[in-house]
Amino acid sequence: MASSKAKYEAFLIKNVSTISTLESSLRSITWFLPGRFKDAELASETLTTLLNVMSMYHDTLLARIVKSNPSYRPLIPSSLHSRFTRAWTDKDALYKWAARVLEVIRFTELVVEMALKRKVSNKTRWRAIILLEVIKVSLRFLLLKTTRRPLVSPPIPEREFDPTTLPPSNNSSPTLAPSSPQSSPPMTPDHLRNNLIPLSPHPLLTSAQSDTSPEEYLLPKALTTSSVKPSLSLLRPLSGSRDWLAESLYILRPLVYASLLVVDRKKSERSNRALVVALFMEFASRNIRRTPPPSAALERDEYARRDKDMLWYLLRGSIWESFTRPKLESFVAGTAHTPLVGLFGALVKDWIPLIDDYYYYTAP
């Protein structure tokens, strides 16, 4: 098993550019598969799931290579999100595995729902959805208890470098020791070589009437308080009961929404209770959460992302059925014979039934 893993890692390092290009190409194809043949949406989502899981493994491996070899490290500093999540992943094994399991569930939940829809009853499918939501809520509360800080999404570091820029490696695998010492010192990286081509002077140095003042040019390059903070301290701990309540409401919201959908489906008349309660919890969490100071850039970015995610309610419940779907259907009908735009309309037409049939396409 260890030998097979080492061989695969060596193959990945040797062909990292080709694998990266293949991942990108396959990811683009999955957008056009739904509606092309029977069970096309299942094939598309299965391919997407496999790509996401493999990419997560590749990112873990490549991050290990970059960490072990200083010459591979990018010149641009890591984002605040990557610094924070990588610090907690390195510090706490419980956080690392809970975050990874949570991400794997997020990658696979839709394909699991599609498979269950084809094999079991609707009642059993919704039971499985509730079970998945319970597991996700438990993992998020575990992360919350571990860090005692607001959750960030995703909870694991994202890829921040182009794997095609990694130079070829002579080692068979990062998990294996090199067979012989290097016979020559490491070469100078390409971006540090002097190619004797003079750089053009900056406009600030040549133009007396420059549109950019020195202050405007230097301000984005100045260090901020977040740049010098320890990675584990980029988010402040939750301090009061209001902070904990706001974060708990945000974590419980998807489980409450799915549970109320299951209860309402048993009734003969249609109900908007699930949508109303979920929106109430969303706004309650938003209103009682603390207001981060301007220096808390990571926390402000996370709250901004949560606010943008509220647009997904346009694809849920009665808002989708009475407002968004009729608008999209009207757009599809109106652009059916329009060049180029009609292609986008046909793509939207293929995706509309999937939003109706599957919970996890638009789940909170």
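Start with Glu299 and Arg290: their side chains make a polar contact of 2.6 Å. Polar contact here means an N or O pair within 3.5 Å, where, within protein, one atom must be able to donate a hydrogen and the other to accept it, and sequence-adjacent residues count only through side-chain atoms on both sides. This is a predicted model, with local features needing pLDDT of at least 70, side-chain atom pairs needing 80 or more, and totals for chains, interfaces and linings using all residues. Numbering runs from 1 along each chain, and side-chain values use heavy atoms, without hydrogens or water.

Glu299 sits in helix H12, residues 297-309. Helices are DSSP runs of H or I, at least four residues, numbered from the N terminus. Glu299 is buried, at 1% relative accessible area; the cut-off is under 20%, with a 1.4 Å probe and protein chains only. Beyond neighbours within four places in sequence, its contacts include Pro150, Leu235 and Arg236. Contact means heavy atoms within 4.5 Å.

Now the helix pairs. H6 (residues 122-147) and H10 (residues 241-265) have axes that come within 10 Å and cross at roughly 175 degrees. Axes are fitted to C-alpha atoms over the stretch in contact, with angles from 0 to 180 degrees between N-to-C directions. So H6 is roughly antiparallel to H10; that term needs an angle over 145 degrees. Trp126 and Phe141 are among the H6 residues in the contact, and Trp244 and Arg265 among those of H10.

Next, H13 (residues 317-334) and H14 (residues 341-357). Their axes come within 8 Å, crossing at roughly 150 degrees. H13 is therefore roughly antiparallel to H14.

Key: Helices (H or I, at least four residues) and strands (E, at least two) are DSSP runs, numbered from the N terminus. Buried means under 20% relative accessible area, exposed over 50%, partly exposed in between (1.4 Å probe, protein chains only). Angles under 35 degrees count as roughly parallel, over 145 as roughly antiparallel, 65 to 115 as roughly perpendicular and the rest as oblique.
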